[in-house]
Amino acid sequence: MSLVTPEGPAFEGDVEMLVVPGADGEIGVLARHAPLVALLNAGSTRVYRDRSSGDVLEFATGPGFFKVELDRAIALVDDAVLASEIDDARARAQLEDARAELERLERGESDGDRWQLEQRVRHAENQLEVAGRG
């Protein structure tokens, strides 16, 4: 399984199960899953390295794409932050910036993409939520 951002891999390795935030709800994938391509929303991505021992990594991930092919899964996302490494101040700044840009768009002062801005807001909110659980 690979979780990849524009900066490079956030996670690479063998896993038992993966749960990603699909556009229509969570998508859970086990080994030998049927081929799949899906759009991902900003949300929580959980990597189950060993379900019986509770070895699970949680990432706050931005929007992107997900592909399953044979025994290989790859999630290409615009950002991925391991729950234990979330910087509260960075996430709050991202949230403020995204909300401000969305307000400018609503006033007609920006030509930004509404869906992308909404995903940036969701990603920042999710980081704060995930960090709060940790």
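At the start of H1, which backbone nitrogen does a side-chain oxygen of Asp87 reach?

Modeller: This is a predicted model. At the start of H1, the side-chain oxygen of Asp87 comes to within 2.9 Å of the backbone nitrogen of Ala89. Helix H1 itself covers residues 88-106, 19 residues in total. From first C-alpha to last, H1 reaches 27 Å, close to the 27 Å expected at 1.5 Å a residue.

The buried residues of H1 are Ala91, Leu95, Ala98, Glu101, Leu102 and Leu105. Seen down the axis of H1, these buried residues fall within an arc of 135°, so they line one face of the helix. The buried residues of H1 pack against helix H2, residues 114-133. Ala89 and Glu96, on the other side of H1, are exposed.

Asp88 and Arg92 form one, with 2.8 Å from N to O. These two are four residues apart in H1, which means that about one helical turn separates them. Asp88 is partly exposed at 36% relative accessible area, and Arg92 is partly exposed at 45%.

Arg99 forms a salt bridge with Glu125, the closest N and O atoms being 3.0 Å apart. This pair links distant parts of the chain, since Arg99 lies in helix H1 and Glu125 in helix H2, 26 residues apart. Arg99 is partly exposed, at 40%, and so is Glu125, at 34%.

Just after H1, Gly108 takes a positive phi of about 80°.

Terms used
Residues numbered from 1 in each chain as written. Predicted model: local features only at pLDDT ≥ 70, side-chain atom pairs only at ≥ 80, totals over all residues. Heavy atoms only, no water. Expected span 1.5 Å × (residues − 1). Buried < 20%, exposed > 50% of the residue type's maximum accessible area, 1.4 Å probe, protein only. Arc of directions from axis to C-beta. Contact = heavy atoms within 4.5 Å. Polar contact = N/O pair within 3.5 Å; in protein donor to acceptor, adjacent residues only side chain to side chain. Salt bridge = Lys/Arg side-chain N within 4 Å of Asp/Glu carboxyl O.
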